[in-house]
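Please keep the sequence and the model in view while reading.

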Amino acid sequence: MRVLIIDDEPLAQTALANILITRRDIEHFDCAADAIEALEKLGRSTYDVLLVDINMPELSGVELLDRLQESESPLPAIVFVTAHDQYAITAFEKHAVDYVLKPFSSERIHQALDTAFTRNTGERASQLLQILPELHPSKRQGRRIAIKVKGRILFTNPEEVSAVHAEGNYVLLQKESGSYLLRESISEMADKLKPYGFIRIHRSVLVNSSFVEEIRPCLTGEYGLRVKGGKQYTVTRTYKKNLKSLAEFWIGTDTFLADRDSGD
């Protein structure tokens with residue numbers, strides 16, 4: 001989790017920071033002295049949870065939440081940490097996940113963070129379910145790709161290739177029946193195989209969408225991905241946006257030629 005503390009009281013900031021550093025599921029945290037500074041940080045970075053004071057100069061915590069809800073960006077989990085109990089109903093009406101009164105104990109903050117993290121994990125899983133369509137066999141094209149290997153041309157169906165791995169100046173096409181090494185860059189293969197439902201999940205890995213059996217969110221903000229046969233991969237933060245393209249695979253295209261130099 002990435003957390004942003006928003007509080008104009010230095011002692012409260014320090015107390016919250018001391019609690020955050022004890023948790024293994026906190027990847028990173030920042031502090032903002034008021035809502036204006038918080039908006040600047042939110043414009044530059046993404047956070048999973050905001051720990052927000054309510055009574056702050058210029059812009060209150062509730063007004064900050066209103067600003068965030070007006071934007072098109074995904075809303076982090078909001079936990080209000082305040083000395084004022086009269087705003088609790090308003091906070092929950094605005095979908096805050098918890099409301100902690102000062103002075104607080106470390107146990108109470110841990111409880112609020114656990115609640116916030118559970119919500120974030122559930123929402124990420126829900127978003128994945130929305131973007132993952134059922135894999136309709138009728139949408140798949142019976143196309144083949146031609147591969148030149150040691151003076152021979154082999155024809156293989158992209159449906160049978162589960163993944164592609166970068167191997168220096170080569171790529172390795174993984175199939176259940178074996179693998180093929182081609183003199184090609186991973187970026188070139190990503191462009192060629194994209195119409196066949198392949199997505200890039202790592203700088204050195206492509207996977208075939210139709211082989212994906214499970215995607216799960218990780219504490220680090222990355223995703224774990226499992227394909228048929230049990231092979232496990234990590235979808236890095238840089239490429240996790242590509243998971244959305246799982247809804248767009250198997251678009252028809254012309255057969256292409258993946259050519260390996262015969263004189264290497």
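This is a predicted model: local features need pLDDT of at least 70, side-chain atom pairs count only at pLDDT 80 or more; totals for chains, interfaces and linings use all residues.

Which residue is the bridge partner of Val164 in S12? The partner is Leu206. Residues are numbered from 1 along each chain as its sequence is written, and side-chain values use heavy atoms, with hydrogens and water left out.

Helices (H or I, at least four residues) and strands (E, at least two) are DSSP runs, numbered from the N terminus. Two strands pair if DSSP finds at least two bridges between them. A hairpin of two residues leads from S11 to S12. On another pairing, S8 and S9 are antiparallel over six bridges, and Val161 stands opposite Lys175 in S9.

These pairings belong to an open sheet of five strands in the order S10-S9-S8-S12-S11, with antiparallel pairing. Its edge strands are S10 and S11, each of which pairs on one side only. From one strand to the next, the twist averages 20 degrees. H6 packs on this sheet, touching S8, S9, S10, S11 and S12, and its direction makes about 20 degrees with that of S12. Such angles run from 0 to 180 degrees between N-to-C directions, with axes fitted as lines to C-alpha atoms, for helices over the stretch in contact.

Which residues of helix H6 are buried? In this helix, residues 186–193, they are Ile186, Met189, Ala190 and Leu193. Buried means under 20% relative accessible area, exposed over 50%, and partly exposed in between, with a 1.4 Å probe and protein chains only. The arc is that of the directions from the helix axis to the C-beta atoms. A general rule lies behind this pattern: an α-helix has 3.6 residues a turn, so residues three or four places apart point the same way. The buried residues of H6 pack against strands S8 (161–167), S9 (170–175), S10 (178–182), S11 (198–202) and S12 (205–208); contact here means heavy atoms within 4.5 Å.

In S12, Val205 and Val207 point one way and Leu206 and Asn208 the other way, and all are buried. In a regular strand the side chains alternate between the two faces of the sheet. The loop between S10 and H6 holds Glu184, which is buried with a relative accessible area of 8%. Its C-alpha atom is separated by 9.3 Å from that of Leu172, twelve residues apart along the chain.

A further open sheet has five strands in the order S2-S1-S3-S4-S5, and here the pairing is parallel. Strands S2 (28–32) and S5 (98–101) stand at the edges with a single partner strand each, so one side of each is left without a neighbour in the sheet. Direction ignored, neighbouring strands of this sheet are turned by 15 degrees against each other on average. Strand S1 (residues 2–6) runs parallel to S2 and is joined to S2 by five bridges, and His28 is the bridge partner of Arg2.

Several helices accompany this sheet. Helix H1 (residues 10–20) lies across S1, S2 and strand S3 (49–52), at about 165 degrees to S1. Helix H3 (residues 61–70) lies across S1, S3 and strand S4 (77–82), at about 170 degrees to S4. In helix H2 (residues 35–44), Ala35, Ala38, Lys41 and Leu42 are buried. Seen down the axis of H2, these residues fall within an arc of 115 degrees, so they line one face of the helix. They pack against S1, S2, S3 and H3, whereas Gly43 and Arg44 are exposed on the other side of H2.

Finally, Arg23 lies in the loop between H1 and S2 and counts as buried at 12% relative accessibility.
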